[in-house]
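The following exercises are to be worked through in order, with the sequence and the model at hand. A solution follows each task.

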Amino acid sequence: MSLMLVMGPLSYVVVSYDRPLFDAELAALDRALGFDWRALQQATASSAWASKSGALIYGSSGLQMILAWLVLGWTGQFRRLSIFLGALALSTGTVLLLSGLFPAVGAYVHYGVPNSDLGHLKGTGAGVWHLNHFHALRDGSLRHLILSKSEGLITFPSYHTVVAVLSGWALWRIGYWKWPMAIYSGLVVATTLPI
């Protein structure tokens, strides 16, 4: 929790540097890898189930971190818990550094996805929940942070993905938690793409 209280505001500082956006280069990398983000977004938007469940999974992914922490503590896996928390701290700093070097507003803005293409994603905040604060920080109009109203601003690299992978790893050796957490982690990673 202390880490989040420090790193959340630091993400606001990083975004406020207003460095040139890196979205075009990320889109070019997607194309080079044969990944069509726009097709995935349209497929997700056309399905009520995929849109709503994807938004729910993505939005609740922070619970993974808390669940991993609690289960490791309850089962006496203190060494693994220590490694997990250390990896979270290190990866948070790394994500902040990389997001400052390669800032990205996100695919929804880069591709100019109109409201008419949101389909069942309309109202989920997919790809746009952060834009008011993101743009206001970059143009200098937002200079006072109210922690209770802060948003997740970083779109690249995906901190949701980092948390999912580390949480899945943390519980991989804990009997009946192993497969449910691995599946949930995989779903979180998958939902970061269209959401």
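The structure examined here is a predicted model.

**Exercise 1.** Determine how helix 5 and helix 10 are oriented to each other, and identify the residues through which they meet.

*Solution.* Step one is the geometry: helix 5 and helix 10 (residues 178-192) pack at an angle of about 155°, and their axes lie 11 Å apart. Step two applies the cut-off of 145 degrees; helix 5 and helix 10 are therefore roughly antiparallel to each other. Step four lists the contact: helix 5 contributes Gln64, Leu67 and Ala68, while helix 10 contributes Met181, Tyr184, Ser185 and Val188. Sorted by class, the residues of the contact of helix 5 with helix 10 are five nonpolar, two polar and no charged.

**Exercise 2.** Describe the packing of helix 5 against helix 6 in terms of angle, axis distance, handedness and contact residues.

*Solution.* Two packed helices are described by the angle between their axes and the distance between the axes. For helix 5 and helix 6, the angle is about 155° and the axes are 8 Å apart. Because of this angle, helix 5 is roughly antiparallel to helix 6. The crossing of helix 5 past helix 6 is left-handed. From helix 5, the residues Met65, Ala68, Trp69, Leu72 and Gly73 meet Phe78, Arg80, Leu81, Phe84, Leu85 and Leu88 of helix 6. The contact of helix 5 with helix 6 comprises nine nonpolar residues, one polar and one charged.

**Exercise 3.** Carry out the corresponding analysis for helix 6 and helix 9.

*Solution.* The angle between helix 6 and helix 9 is about 165°, with their axes 10 Å apart. It is because of this angle that helix 6 is roughly antiparallel to helix 9. Helix 6 passes helix 9 in a right-handed crossing. On the side of helix 6, the contact involves Arg80, Ile83, Phe84, Ala87, Leu88, Ser91, Thr92 and Val95; on the side of helix 9, it involves Tyr159, Val162, Val163, Leu166, Ser167, Trp169 and Ala170. By class, the contact of helix 6 with helix 9 holds 11 nonpolar, three polar and one charged residues.

**Exercise 4.** Examine the backbone at Pro157 and at Asp18.

*Solution.* Most residues other than glycine have a negative phi, and most peptide bonds are trans. The peptide bond from Phe156 to Pro157, however, is cis, with omega near -10°. Pro157 is placed in the loop between helix 8 (131-139) and helix 9. Asp18 is not a glycine, yet has a positive phi of about 55°. Asp18 lies in the loop between helix 1 (2-16) and helix 2 (23-32). With a relative accessible area of 39%, Asp18 is partly exposed.

Methods. Residues numbered from 1 in each chain as written. Predicted model: local features only at pLDDT ≥ 70, side-chain atom pairs only at ≥ 80, totals over all residues. Heavy atoms only, no water. Axes fitted to C-alpha atoms, helices over the stretch in contact; angles between N-to-C directions. Helix = DSSP H or I, 4+ residues; strand = E, 2+ residues; numbered from the N terminus. Parallel < 35°, antiparallel > 145°, perpendicular 65-115°, else oblique. Left-handed = near helix turned anticlockwise from the far one by under 90°. Contact = heavy atoms within 4.5 Å. Nonpolar A, V, L, I, M, F, W, Y, C, P; charged D, E, K, R; others polar. Buried < 20%, exposed > 50% of the residue type's maximum accessible area, 1.4 Å probe, protein only.
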